[in-house]
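We will go from one stop to the next together.

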Amino acid sequence: MFPKAPAEEEKEPSLASRLGSRMFERQQDMARLFGTLIGAMSSIFSPGDAARTVSVRVAIRQIFFTGVQALPLVGVIAVFVGATTVIQVQLMAAALPTDFLGRILVAIILRELAPFATAVVVAGRSGTAMATELGNMKANSEILGLASVGIDPLRFIVFPRIVGTVVSVLALTVYFGAMALLASYALSQMMGSSSFSALSGAFSDALVPEDLALFLIKGTGLGTMVGWLCCHYGLEVQTSPTEVPQMASHAVVMTLVACVIFNTVVTAGFYWIVGPPVH
Amino acid sequence: MRSVSFRHGETIVLDNTSLHVPKGAMCVVTGANASGKSTLLYVSAGLVKPESGDCTLGGHRANLNRPSELFRKGIRLGLVFQEGGMLSNMNALANVALPLRYHADVLGISVREIEQRARAALDRVGLTRSEMYSLPAHLSFGVRKRLALARAIALNPNFFFFDDPDVGLDQDTAAIVQEILCRYRDDPEVTCLVATNRDILVDRLGVPGYTLQNGRLYERVRPRSVPPSSQRLA
């Protein structure tokens, strides 16, 4: 018997090479991620009136699903958020003047919770639906089918969804703010802490012209993120339907993280420009 | 298609493969299951980007993000998928009408003509009225295949790709599909590429063929044991 030759050991890739390939993959992911947004947004300038009409119809349908159908849910959340805020502020600062309550409600509800909570509701409700729908379309070769007949997937699928989520987030933010303020008015009246006129005066004093810019920046930015990221991760599904739920959950998680970061950065920038809300 | 290479993970699907189909000609590609015929078709149609190599249709390169650019240059693709490819949330008529509606300005057709053309295409492949208003999921495999064919022919394609066009069909449906294929074979304006592994179809079409094996194309040699096409068809 001859002694067995030692089996040739498979060389493990070095740490540097693993790190390098990981970085390369991340770079590719980012290129695809921003490629989706740039491709979709630049499709506005693509020729074709008929294609534009078809895309507008898809966008209107998306606004109906994302905006109109979410009204009851957003309304209920807004009422309870408004009420909770008034209770908290009244309990903590009952002795403070009415204009302080007005400033706090504007800062917390109108500037922070209205756009952010709306984006969270839209991401949870419509974002998952979009990512799942697009993932299934990709797995069933529907996207390839569209491309085979000369239909641009980014123009027909992604762009109308981004427009739909932006319009819906903007509109739902206004609706959220109105419902939350109404609830806070009603509750503060019931608690007998401040009169209607005093509170509404405090609101209008607390609002500054820059609030309009803040509303537009937050609404547009958060809406774009929900539509863009959910569509992108939906389209990242390759061929297997089992990837669809994984990608849908990944899409929503990434969207929420991006929305939190974006919201914080914009708020910080806003107060850096207009100064602190309470002196 | 010139010197095209493509891999699925570690598997080499196309290995420096070249294929030229002259304008108005039809070419058949055969090969075993999972040999990469569908990938070859998708790459040739410009729907999938190859790792290396060059692929043009009528001298134009496809833009993966903007397939409509090719359409505007007069390259009208038709692709019949092996399975799937139809929008699941639209009925058969809407599926066929959608590309017509999307390209209505390029094709120069009105809303009424879109409807007429979609119905004509569906009639041509033998879809019944109730099938026209059904979602693809409610249609049988054979009807879905004919629907895919209808969507492609509605656009009057000048580049037609067929992926296993008659697999899984009953005799009558297969006859409809084969008859349409023969008509396109004889059309000097339409360039066709057919992927199949059914000798009966290859014999019926009687056009040059290649076999895809290990990522490379070889000129097709018909096995001696296969009886003549007329006998097989009978």
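**A tour of chain B**

Two residues are in contact if their C-beta atoms, placed from the backbone, lie within 7 Å. Where pLDDT is low, the predicted coordinates should not be read in detail.

A few ground rules: this is a predicted model, where local features need pLDDT of at least 70 and side-chain atom pairs count only at pLDDT 80 or more, while totals for chains, interfaces and linings use all residues. Residues are numbered from 1 along each chain as its sequence is written, and chains are lettered from A and ligands numbered from 1 in the order in which they are written.

Now colour chain B by confidence: its average pLDDT is 86, and 94% of the residues score at least 70. Helices here are DSSP runs of H or I, at least four residues, numbered from the N terminus.

Next, select domain 1 (2-76 + 157-233) and domain 2 (90-155) of chain B, with bounds from an automatic or database domain assignment. Their C-alpha centres are 23 Å apart. Zoom in where they meet: 12 residues of domain 1 of chain B are in contact with 11 of domain 2 of chain B. On the domain 1 side, helix 8 of chain B gives the most, with 4 residues.

Note on methods: Helices (H or I, at least four residues) and strands (E, at least two) are DSSP runs, numbered from the N terminus. pLDDT is the predictor's confidence in each residue, from 0 to 100.
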